[in-house]
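Please examine the following model together with its sequence. The explanation below moves through selected local features, one region after another.

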Amino acid sequence: MSELSRRRFLYLSGGAAATATGVGVWAALLRGESEKGILVPPSTTLGATSTTTTTTTAPMSPQNPVVVIVQMAGGNDGLNTLVPLDSKYHNARPTIGLPDSNLISLAGRTDFGLHPALTPLSDFWDKEMLRIVAGSGIPEQGRSHFAATDAWHSGQTDKEETGWIGRWLDATEGPTPNPLRGIALGGGAPILTGKTSISTVINSPSNFRLATPPGTDSESIVLAFLNTASPLASDPALAAAQSAIPNSLDAIGVIDSAKSEVDPDPYAEESFTSLLETAAELINMNLDTRVIVVSISGFDTHSDQLGRHQGLLEDFVTGVSNFWNRIESNGHADRVLLMSTSEFGRRVAENGSGGTDHGAASVQFLIGPGKGLYGNFDLGNLVDGDLPITVDTRSTYATALDWLGGPTDEILGDSYSRLF
Amino acid sequence: MGFGLSPSEMELHQDKNFSEFVGKRIDPEKHGLEIPAEPFENAEYFIPTDKDASDFKKQERAASLELFDLWLDEMRDTSDPVLEWMTFFWHDHFAVSAREIKSLRAFVRHLCLLRTHARGSYPTMLREITIDPAMLIFLDGYKNTAKKPNENYGRELLELYSLGIGNYSEDDVMAASRALTGWRVTENGAEFKPRQHDDTPQTFLSNSNVHDLDTVMDAVVNHEALPGFISRKLSDAVLGTEIPDAVINEFAVVFANNDLELVPLIEAIVDAGLSMNKRVPIIRHPVSWLLNAEKVTGVKLNVTERANMLSQMNMLPGRPPNVGGFPKTDHYLSASSTAARFSSAGIIVSKTPRESVALQAAKSSNWGDLASICGHINGFNQPTIDSLQDLWESSPSSSQGGRVCLAIALSSPDFMVI
C-alpha cells in the first residue's frame, strides 16, 4: 500500500505560496484558481527534498490571535476540580470529598484549593497566566447531557443549530474560504458548525492519511477522487459529500506535517497530549488557523469517581502544560488564549455509587495573560441540590471572541460582561 | 432498509418489486416467511469465562472481535435485512457500549434482546431493557439503591428512550430512579433485591402510587409523548430528518392505535417513503457504507480490516461514543472519515475477485451498469461519470483501470448517499 507522504502532498498542493497563505489548494483547484499543471507528477522520486518541506513554515500569514478550546466532555465535576475550603463541601461528599490537606493552594486565596493532580496549574497562577471561573453555566441549561451540551456549544438556550465559534467563522470569513481557520481534533465539534463557513474535523490525526492500491498511480486516483466533487450537485446531501473531499485533501497535507512524531498504535485512542501537540504544531504552521477545539472525554463520572477523575485531570494538565511549553518555545504564546469548557457541572452531593450525577454550574480555566478568580461556588444557596450559576458561560465566550477580534455581541446576541 | 444488495440479490429481485420484498419482510410471520436463527445463539461458547486465566484479557479481546465479525456478517448476508437494520437501529437508540460494560456475555445477551424485540412490542422491549444486565451496568442501575438512588438510568429512560426533553420534570427523573431501585446483576441475569428497593409511592408523570418497575413502565408507555418521540426517531433514520411534524403525528397515531407494536409503525413509515414523489437522499453511515461496498464487490473482508476501516471512519458497532448513540450522519463527512473511506475503497478493490460483476462493469467502462450495481439506478452524478471516464482512459490497462475506477465509484459522493 503506497502512502502519499507529507512531502508529496505539499508538492501536490502547490507548495509554498498556497499552503502558507492557508488557502485550501485543492478547493482552489476546483474553482479553477490554480493551474492543473501543478499536479503533473515530478520525474524524480517524490519525497525527500527539503525545499518542499520548509515552505510550510514560511511566515506568510499574519500572526493573528488564536483561541484553543479544551472540551472536558461528559460534565466535569467542578467541585472536585476547584475545591472550596468549606465544611459544607465535606458534609455533602463524605467519601469522595478531597481532604483540605491534599489540595494545591493558590497563592493569595484562602477559600479554594486545586485538585492534587492539578499542581502545574499553580505555576500558571503564579506567573499571572491563569484565570479561573467558578460557578460557570448557562441559565436554564438543565441537567440533560444533550440540552446542556447544545446550550454550551451554541451559546444559546433555545434551539440553535450553529455553534458560537461557527457563527464567528461565518461572520469573519474572507473572500476565499479557508476550512483550516477552525479545526477540531479528536472528534466532532458542533461548536464549529456555521451556516456558511466550513471547518475541518479530524478524529484521529495519527490515522489521517490517504492510501491507494499498490501498483497504481496515486496522483491520478487522488485527482479523480477530487474531480467527483465538482460542480456541486443541487441535492444538499450529495453536495455535502462532495464538499467534504477537497476539504479532506487540503487538511491531509497540513495535518500530516503537524502531527506528533511518534507513530502511535493505530488501535489506541489518540491521547489528549498528542492531540494538543498537533494543535501546537498547527499554530506554528501559520495557516491562519484561528480556533482549535480539542476534546477530552470521560468526565461523566456517575460512579467510582475518585480514581477516574484523578486520571482525567492528570491527562488534562499534562496535555495543557506540554502544549503551552511548545507554543512558548515557538514564540506563539502571546497570541494564544486557551479555555476549558464542560457542558455542565455535577451535583453537590455524591450519589451512592462513589460518583456524582449531573448538576448545574461548573468550573472553567483560561490560560493566557492575567490572573483572577471569578464567581464562586455558593454552597449555602443551592438550587435543587445544585450549585447556582454565578458567571454566565457566555462571559467567557465574549472574552474569547474579543480575543479573536470580534464581532462579539453580534455573535452572542447580547452583551455579556468580559473577564478582561 | 437493510445494508444494500449484492448483484445476485439484485437479480433475484429484478422481476419482483423490491419494495414488496421489504414490505413482506417487515412482517414475516404474516407472509409465512422464515425468520433466520439468532446469529449469537451459540456465541457464548467462545466467550472466555475463566477470569483467572493468565491470558483472559487476550481471550476476551479475541472473542470480542469474533462477535463483532459475526454481527457484521449477519448484517451483510442475512435473508432478513429488515430485522438486521432494526436491530442496529435499536443499538443506536439504546447505545449500550461494550467498552463501558466490560462484560462480553452481558453484551451478547443485550444484542439478542434487541434482535428478539426489534420489530415486536416497544413496551415489552423497554421493560426488558430496563432490567437488562448490560443496561443495568451501562447506566449504573445496579448501583441504584433505596439508600442512595442513582438517577443515570431514570434520566435517560425519559430523555432518550421514551418521551424526550420537555415532557418530564426533574422530580419525575428522581421518582423513576427511586421506583427502579433494587435491581442487581447476577451471573445469569438480573435479580430484584427487595431490601435495596425503595417502595415508597411516588408521583411520576402525574400518576400517583408509582413504586416499582411495573408502575414506572405503565406510566411511561401510557404517556402521550411516547408515540411521537419514537416515531420521529425511526422516521428520521428511514426517511431523513426533513419529514414535517404533521406526518410524524400520523405515524404516532398509527403506533398508538396499535398498542405500540412496531410492525404497523415501520409499515406506515416505509409506505410514506414509497409514496413520496422524490425522497430526499440521506448520508450513509460508515457501517452501511462498508457493508454495501462488500456486497457490491463480493469482497469478504477479515475482522482486522473491518475494525481498522470502521475505527478510522469513526464508527465501531458495539461502541457508540456516548449515551446519545452514534453521531448524526453528516459527522461522517469529516475530513478524516472522508480520507478513511477513500483508503478503504482502495483496499477493497485490491481484494475484489476477478469475476466480480462490479469489476467487470468498471473494466468495460460501463458506468451505467456500475451505477446500477452500486444501487444508483438513475446513474452516477455527472462529475463522477466524467472523472471515471478520464481515469479509465489514462490507465495503462483496462484491468488496472477497472480496479481504480471501482475504487473511485466506492469512494464517490454518490456512494455516500442513499
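Asp140(B) occupies the loop between helix 8 (133-138) and helix 9 of chain B; helices (H or I, at least four residues) and strands (E, at least two) are DSSP runs, numbered from the N terminus. The model is a predicted one, in which local features need pLDDT of at least 70 and side-chain atom pairs count only at pLDDT 80 or more, while totals for chains, interfaces and linings use all residues. Residues are numbered from 1 along each chain as its sequence is written, and chains are lettered from A and ligands numbered from 1 in the order in which they are written.

Although Asp140(B) is a residue other than glycine, its phi is positive, near 65°. Asp140(B) is also buried, with 22 other C-beta atoms within 10 Å. Here a residue counts as buried if 20 or more other C-beta atoms lie within 10 Å of its own, as exposed if 12 or fewer do, and as partly exposed in between, with C-beta atoms placed from the backbone.

Chain B also contains helix 11 (residues 213-221), in which Val216(B), Met217(B), Ala219(B) and Val220(B) are buried. These residues cover an arc of only 165° around the axis, which puts them on the same side of helix 11 of chain B; the arc is that of the directions from the helix axis to the C-beta atoms. Among the elements of chain B that cover them are helix 7 (122-130), helix 9 (152-159), helix 10 (170-179) and helix 12 (225-239), together with strand 3 (202-204) and strand 4 (207-210). Contact requires C-beta atoms, placed from the backbone, to lie within 7 Å.

Asn286(A) is placed in the loop between helix 11 (272-284) and strand 10 (291-297) of chain A, and it is buried, with 21 other C-beta atoms within 10 Å.

Strand 10 of chain A is largely enclosed by the rest of the structure, because six of its seven residues are buried. Strand 10 runs parallel to strand 2 (residues 66-73) of chain A, to which seven bridges join it; strands pair if DSSP finds at least two bridges between them. Within this pairing, Ile69(A) has Val293(A) as its bridge partner. Strand 7 (residues 182-185) of chain A pairs with strand 10 in the parallel sense over four bridges, and Leu185(A) has Val294(A) as its bridge partner.

Two cis peptide bonds remain to be located in chain A. One joins Ser230(A) and Pro231(A), with omega about 0°, and Pro231(A) is in the loop between helix 9 (218-227) and helix 10 (236-258) of chain A.

Terms used. Two residues are in contact if their C-beta atoms, placed from the backbone, lie within 7 Å.
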